Amino acid sequence: MNLEVIRQDTPGCSDKIFLNSAGSSLMPKPVVEATIKFLYEEQELGGYAAAVENSGLISQFYEEVAKLINTRSSNIAFVGSSTDGYAKALSSISFKEGDCIITTNDDYISNQIAFISLQKRYHIEIIRVANLPDHELDLEDFENLIKKHHPKLIAVTHIPTNSGLIQNIERVGRLCKQYDVLYLVDACQSVGQIVVDVEKIHCDFLTATGRKFMRGPRGTGFLYVSDKALNQKMYPLFLDSIGARWTAFDDYQLNDTAKRFELFERPYAALLGFAEALRYANTIGMNQIEHYNRTLADTLRINLQNNGFRILDKGNRLSSIVTFCQADGKVEKIHKILSDHKVFFKENRREDALIDFTSKNVDHAIRLSPHYFNTIEEIEKVSQLLENINL
């Protein structure tokens with residue numbers, strides 16, 4: 001991994017310390033160039049003709065996603081965001097009164113709200129699995145809940161947006177496979193940051209976004225749909241002419257692939273930019289990216305802990321999302337110093353992670369999310385900027 005070349009490809013990191021890839025990361029120059037190039041072609045040819053001219057490049061999007069997560073292109077759908085894909089996956093499940101969803105205390109805020117919406121509309125039950133004292137998922141409790149409630153769906157966020165925790169989605173996947181339960185994984189914060197392999201996860205659906213650790217444009221994402229879900233004729237509540245073929249006045253035939261979850265209209269310029277972002281990460285290699293990211297995040301956590309900060313990340317395996325607060329539980333001094341020195345970050349509030357932050361007894365947390373274009377020197381500089389806050 002040539003860090004010098006990567007930083008040259010990332011002009012946005014030249015005048016600041018950017019530590020918010022968990023929010024919306026910095027796009028490499030080739031991603032921006034691919035996006036703009038297509039927009040110019042649309043300007044000259046119109047959108048339809050430009051899409052036809054670039055059909056080969058468009059198909060490469062599906063191939064690059066398949067390579068990234070170890071599947072086939074026929075299992076991939078383009079979506080506008082991870083939340084968009086998540087909603088489409090949920091809408092393909094025929095919930096009825098009395099059904100049950102098992103999820104975790106650390107699932108993403110939008111997912112939790114979606115579950116509550118389903119509960120209000122269909123009177124389903126939401127059950128959240130227990131955490132062990134080290135904050136890992138209690139897999140024994142998980143199995144007991146499956147046996148007791150026979151859930152319609154199990155849904156787990158791989159890496160919560162509010163915490164560095166990496167949840168054990170592979171072990172959960174084994175339970176889902178053993179008990180033949182539909183399994184939905186939100187990989188919004190893990191795809192592009194660490195290795196994600198759907199063959200090892202055994203999920204039926206997996207969602208991701210382009211703008212975060214994948215370093216793609218906003219308004220992009222993908223949905224993975226397993227062969228099992230496709231063969232069971234699962235499809236979103238609302239189809240259009242991409243998702244199905246109109247075969248009779250009152251009938252249609254589903255698309256055989258995951259494209260049944262797509263819509264005809266999509267931002268092709270952004271899609272091609274996302275394809276380039278996928279190619280960029282695949283060329284470097286996710287193993288290398290994950291290894292370097294772990295070094296950055298581990299160094300940052302150790303430095304912050306040594307400087308007296310309260311590290312909020314709990315779990316045996318932690319990610320490039322580093323959450324912390326001052327020793328007194330506040331964040332105002334951190335916020336000011338980072339802002340004054342052009343360090344880009346995110347402040348999370350209790351309502352972003354209601355269950356997790358309530359259990360940790362915090363109202364606010366600072367989130368730093370280093371990525372592979374950052375340097376150890378940047379991590380050390382940020383640590384030095386903050387070192388005297390708790391004195």
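Me: What makes both faces of β6 count as covered?
Reply: L182, L184 and D186 lie on one side and Y183 and V185 on the other, and all are buried. Buried means under 20% relative accessible area; exposed means over 50%, and partly exposed is in between (1.4 Å probe, protein chains only). β6 spans residues 182–186, and five of its five residues are buried. In general, side chains in a regular strand alternate between the two faces of the sheet.

Me: What kind of model is this, and how are residues numbered?
Reply: This is a predicted model, in which local features need pLDDT of at least 70, side-chain atom pairs count only at pLDDT 80 or more, and totals for chains, interfaces and linings use all residues. Residues are numbered from 1 along each chain as its sequence is written, and side-chain values use heavy atoms, with hydrogens and water left out.

Me: How do you know that β5 and β6 pair?
Reply: Two strands pair if DSSP finds at least two bridges between them. Five bridges join β5 (residues 153–157) to β6, so the pair meets the rule. The two strands run parallel. L153 stands opposite L182 in β6.

Me: Why is the crossover from β5 to β6 called right-handed?
Reply: The chain goes from β5 through helix α8 (residues 169–179) to β6, and this β-α-β crossover is right-handed. The label means that, with the strands pointing away from the viewer, the path from the first strand over the helix to the second runs clockwise.

Me: What makes a stretch a helix or a strand?
Reply: Both are DSSP runs, numbered from the N terminus: helices are H or I with at least four residues, strands are E with at least two. The protein comes to 15 helices and 15 strands.

Me: Why is β7 called largely enclosed?
Reply: Five of the five residues of β7 are buried, so the rest of the structure largely encloses this strand. F205, T207 and T209 point one way, L206 and A208 the other way.

Me: S226 or H150: which is buried and which is exposed?
Reply: S226 has a relative accessible area of 6%, so it is buried. H150 has 65% relative accessibility, so it counts as exposed. S226 sits in the loop between β8 (221–225) and α10 (227–231). H150 is in the loop between α7 (139–149) and β5.

Me: What makes the S226–A229 atom pair a polar contact?
Reply: A polar contact is a pair of N or O atoms within 3.5 Å; within protein, one must be able to donate a hydrogen and the other to accept it, and residues adjacent in sequence count only if both atoms are side-chain atoms. The backbone nitrogen of A229 lies 3.1 Å from a polar atom of the S226 side chain. For H150, a side-chain polar atom lies 3.3 Å from the backbone oxygen of K147. Both distances are within the cut-off.

Me: Which residues does S226 contact, leaving aside neighbours within four places in sequence?
Reply: N75, C203 and D204. Contact means heavy atoms within 4.5 Å.

Me: How do you know that the protein agrees with a compact globule?
Reply: The radius of gyration is taken over C-alpha atoms, and the globule rule is 2.2 Å times the number of residues to the power 0.38. For 391 residues the rule gives a value near 21 Å; the protein has 21 Å, so the two agree. Buried residues make up 54% of the 391.
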